[in-house]
Amino acid sequence: MESSNQLIAGIGLAGTARKSRWPARLDFIQSGTGLVLALFMWGHMFFVSTILISNDAMWTITKFFEGYFFFGKSYPIMVSFVVATVITLLVVHAFLAVRKFPINYRQFTTFHGHMKMMRHEDTTLWFWQALTGFALFFVAAPHVYIMLTHPELIGPFESGDRVWTGHYWPLYILLLLAVELHGGIGLYRLAVKWDWFAGPDPAATRKRLKTLKWALTVFFLALGFATLAAYVKIGIAHAPDYGKPYVPAALQAAPQGVNK
Amino acid sequence: MSDANSKIIPIAKAGNGGDGGSAAHRQLKISVLRYNPQEPSQPPRMQTYPLEEADGMTLFIALNEIREKQDPSLQFDFVCRAGICGSCAMVINGRPTLACRTLTKSLGAEFTLAPLPFFELIGDLSVNTGKWMRGMSERLGGWLHMKEPNPDLRRAEQKMDPDLADKIYELDRCVECGCCVAACGTARMRKDFVGAVGLNRVARFRLDPRDARTDDDYYEVIGDDDGVFGCMSLLACHDVCPKDLPLATQIAFVRRKMVSLGWS
Amino acid sequence: MKIIYTDVLVIGGGLAGLRVAIGAKRRGHDVVILSLVPPKRSHSAAAQGGMQASLANVIKGQGDTEDIHFEDTVRGSDWGADQKVVRMFVNTAPKAVRELAAWGLPWSRVRRGDRTVIINGQKVTITERDEAHGLVAQRDFGGTKKWRTCYVSDGTGHAMLQTVSDQAIGAQIPVHERTEAIALIHDAGRCYGAIVRNLITGELVAYVAKATCVASGGAGRIYRVTTNAVICEGIGSALALETGIARLGNMEAIQFHPTGIFPAGILVTEGCRGDGGLLKDVDGHRFMPDYEPEKKELASRDVVSRRMEEHIAKGKGAKSRFGDHIWLDITLLGEQHIRHNLREVFEICHYFMGVDPTKDWIPVRPAQHYTMGGVRTNHTGESPDLKGLFAAGEAACWDMHGFNRLGGNSVAETVVAGMIVGEFIADYCDRLDNEVDIPTSLVHDFLKREQGKLDTLVDGRGTEDASAIKAEMQDLMTAKVGIFRRGEDLQAAVDELQRLLVRSRNIGLREKARGANPELVTAYRVQKMLKVALCVAYGALVRTESRGAHFRQDFPRRNDAEWLKRTLASWKGEETLPSLAWEALDVGTMELPPGWRGYGAKDYVDHPDTPGRAADVDAVKAKMADASRFDVQEALMPYDELLPEPLRGRNERIDEPMDKTCESGK
């Protein structure tokens, strides 16, 4: 039985009796992973931007996620766990989304020519969404990998060192642009794709969504660049002490217990 | 409003190519993308026709004047010339729309006309939308599948909620002009994509209680990447639809219904 | 030589052709439809207002029956219609509405309770019955005693065409799009199909069929100012005419629609007036009640059009740089109504004129609208002259419209005739002696002949410009064969059209392509159109009376004594005029003997048989005072056996329930 099913599928007749339900699931999963990733990205941005408040604030958030305030001790492995989840989501999302990309040069030129001719905003935005998504394959990879393998290297000095002395800042500029554009466009597209917030006047809703989308993108880019600048500044200042972790002033009297 | 004299004003804007009005008319330069697949030796090229604008001139009038006075070989399609049959869709300054109801005064003095992409080109501005639409309809089962194939015609018709009838008509207003498909980036890349026109058809029959089909049946025809899951929500279909059909909400609705079958 | 064989060849993919095809296909016959354009683009789509059928669902239609629909239609026709055909039609129309409902047409439905409507310029509240809720709704239309016009918003024709075309796809009926029949194949008094040109490749193909049905619509484009689509050039009628055998009936009966947008001629629906819109002159004065106190704006189209032109002639038209016109005021219907029930009107005003009809008046003037005449057929839809040639819809003179068609009766005719003629065509194809029995050499001869004509046009040394000739013809028809007709104008038109016909034999082309070539198409079509135009003009010249839409200023009275007859035109070879003959209508069998229409001119000359027949009818009615309306009708003019068997039977209504009406009646 099993082998005959396999043969039927092998010949390409599996879908003739009843269409597979997988495309429905995949469509949902693509949107779902995108939504979770976009929301994660926003939260992530808020967390790292606490550096703009103070080094201590950023340190506190970091330790919070390492469980320090629950267990009285840091478990960076918890971060690795989160990162592993994000990587999984990224891989699944990328795997599904890549189906929509132009798969050959002919499709690429057709779409590009079409976009140039139409000058239609949502069509053009898709091109950028696809392009930034493609870029994320590469620029997100080093970041998530280092977070997975060195979760303890998060902190005001640790991050500052990575950004500056570790030469991550060019990568982070690209990553920031790609993530914010991709996520912002993606969330807008999710809203129209699934007709969220349609209300009685879908046209007005869409207009508002578009405005909101651009406002959020600008906001997060501004926040992101300010945050990056803050880490760069810290990184330059901390360069001579590269590698030394940050310890809040309040804890410097009793440094034992932290980072053990 | 009921002052009759004030009524003289709108007609001054009206008209259809007459020679009335002595005000200086613009000299239009109309660039047309020309190519006849039957004469492949002549590559695609732009040809520019000068034309004096007239009051209330539509592209229907302009193109016919060009064909009669300047170039008898120019191919294009018009039928109703009143914006209701969907024959004359073409790309005007980069956007697909109905030519017959496009007034030249709504365009600059120089503008470009091109055939709808995606569809088989017959020649110049004429494309074979009908052939594709028929194929789409055959593929989707784009007709009402009757629950009772031989109703007794002497008996009163089945009742239907008046609002539901209006809703169905709203989706039935599609004129199959092809603008939505020509404007669709997905369809341009993947020629088997069913397009907004097809998904709208499904939404229409789904809505109709007289149709015998269930969501499972519709899933069989649009439950893949050539169907509703292929749609990338670029929404150009919605934005160019000359009949202002609610394509964005309808496609989203169909998508939700079809996705919900993924776990049933 | 390419030959395609089929049982039934339908020329035209509009409502009539599609419905004929479905009927024949259901009976097991192979059908091929030829269509100049994709079928859903046919001119049927332009019918906005609705389709008459006496369903009597709305309260203002209560009491409506086939009898009243019959009388309205016959009066509308100015007694030019074939009354038996009208009976077949009115009895089938409700069935057609119900069939379309079953096929998925989203008819606008009755909503129970109060609603405000505009009647005679006044807001009136009417209350719809509970039991009518959800049934097909009707609206008011010109020339009708009851609200009888079933509708789908103001896109009735569009929605009908979608539905019927979809069903044709479902029935797997092939439509050969962008093909054009250019000649009928016939031999020894029988039609065997057509020679067909592919408009994309230019290739000629012979389609050989047992039965051929012309369903190509009207001939509006022989006029310059017309509501008709550009494909309505009367070519189907011309094909029949050019056989020299089949004849065209009543071609002089041309309808002018009162509300063509001025000056483009684009139609705004009669529904505008049906729903309460008013006609106003330069002073903003509502003038129709002055002329037609009974029906006002809602007299029949011929009458309203003439009154509008009469009023303009008195200097009361509004002025514009394009000439004078009348205002159509629908502002009183309210924005909600206009944007929902008259949406196409709103769009047309918006896009073509920049006018907002919820606030502004619409400039209108009568424009050519409908060809009552066409290929003369008997009640089965078959030509009495050329066996195997059928016609349906506007292309036919089946003759349910006589000299004026009522609004809402044209889309109704398309599907009703489609149902009826489709059955008769299937009967025809069922008979073994109607098998195709011609040699292919004959088909070849026809192909060669038609190819020769095209070659002459492409390669010949002609000097005339096809589109110039066409424009001259259109101007001539609009100027001289319009709403008001006079002998001298008509004579001038006939003379000039004959000259144009001669010139058209010397057309030369600038564009020599044999494939897609718009100039070549214009050339061979204008030769045919001129013949149709001559049938119209010459028929109008000879008919020295006024009847329905045919109005002679020099003969303003209807003259039943001399002209209660149908004009039949045929064409012989290279003649420049049609040969006319006449077919008398039999007053002695009429259910409704000639009289006053209830609107329009009151004086007419009676037919000598009219008083006698009227007395007979009255006597029968008096004697059967207690009998059912069905029995009275049966006694006056039996017609039931004329209908195809599956389409017989009474129609259920709220006030005529099924058991009482249909079961006991059969």
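Here are some notes on the predicted model above, chain by chain and then on the cores and sheets.

1. **Ground rules.** This is a predicted model, in which local features need pLDDT of at least 70, side-chain atom pairs count only at pLDDT 80 or more, and totals for chains, interfaces and linings use all residues. Residues are numbered from 1 along each chain as its sequence is written, chains are lettered from A and ligands numbered from 1 in the order in which they are written, and side-chain values use heavy atoms, with hydrogens and water left out.

2. **Who touches whom.** Contact here means heavy atoms within 4.5 Å. There are 2 pairs of chains in contact, and chains B and C share the most contacts. Chain A and chain C have no contact joining them, and their closest C-alpha atoms lie 16 Å apart.

3. **Chain A overall.** You'll find 11 helices and 0 strands in chain A; helices (H or I, at least four residues) and strands (E, at least two) are DSSP runs, numbered from the N terminus. Its C-alpha trace spans about 70 × 50 × 40 Å along the principal axes. Of its 260 residues, 43% count as buried, where buried means under 20% relative accessible area, exposed over 50% and partly exposed in between (1.4 Å probe, protein chains only). Take the contacts in chain A between residues at least 6 apart in sequence: 75% of them join residues at least 24 apart.

4. **The kinked helix in chain A.** Helix α8 (residues 121-149) of chain A has 29 residues and reaches 40 Å from its first C-alpha to its last, close to the 42 Å expected at 1.5 Å a residue. That expected span is 1.5 Å times one less than the number of residues. Do look at A:Leu136, where a kink of about 40° in α8(A) is centred; the bend at a residue is the angle between axes fitted to the seven residues ending there and the seven starting there.

5. Chain B is divided into domain 1 (21-127) and domain 2 (141-263), with bounds that come from an automatic or database domain assignment. Their centres, taken over C-alpha atoms, are separated by 31 Å, and the contact takes 14 residues from domain 1 of chain B and 13 residues from domain 2 of chain B. One residue worth a click is B:Thr249, which lies in helix α10 (residues 247-260) of chain B. B:Thr249 is buried, with a relative accessible area of 15%. Leaving aside neighbours within four places in sequence, B:Thr249 is in contact with A:Asp195 and A:Pro202.

6. **The nonpolar cores.** A nonpolar core is a set of buried Ala, Val, Leu, Ile, Met, Phe, Trp, Tyr and Cys residues joined through side-chain atoms within 4.5 Å. The largest has 197 residues, and B:Leu113, C:Met51, C:Trp107 and C:Ile425 touch the most other members. Helix α11 (residues 410-430) of chain C gives the most to this core, with 12 residues, and at least three residues come from each of domain 1 and domain 2 of chain B. Beyond its neighbours within four places in sequence, C:Trp107 has contacts that include B:Ala165, C:Met51, C:Val136 and C:Met160. Another core, of 81 residues, lies apart from it, with C:Leu386 and C:Leu520 among its members.

7. **Enclosed helices in chain C.** Helix α4 (residues 156-170) of chain C has 14 of its 15 residues buried, so it is largely enclosed by the rest of the structure. Just after α4(C), C:Gln172 takes a positive phi of about 60°. Helix α5 (residues 235-242) of chain C is also largely enclosed, because 7 of its 8 residues are buried. Just after α5(C) comes C:Gly244, with a positive phi of about 80°.

8. **Strands in chain C.** Strand β13 (residues 254-261) of chain C has 8 of its 8 residues buried, so it is largely enclosed by the rest of the structure. It runs antiparallel to strand β17 (residues 362-371) of chain C, joined by 6 bridges; two strands pair if DSSP finds at least two bridges between them. C:Gln255 has C:Tyr370 as its bridge partner in β17(C).

9. **The open sheet.** An open sheet of 5 strands in chain C has the order β20-β18-β12-β24-β25, with mixed pairing. β20 (396-397) and β25 (579-584) of chain C stand at the edges, each with a single partner strand, so one side of each is left without a neighbour in the sheet. Strand β24 (residues 565-570) of chain C pairs with β25(C) in the antiparallel sense over 6 bridges, and the bridge partner of C:Thr567 in β25(C) is C:Trp582.
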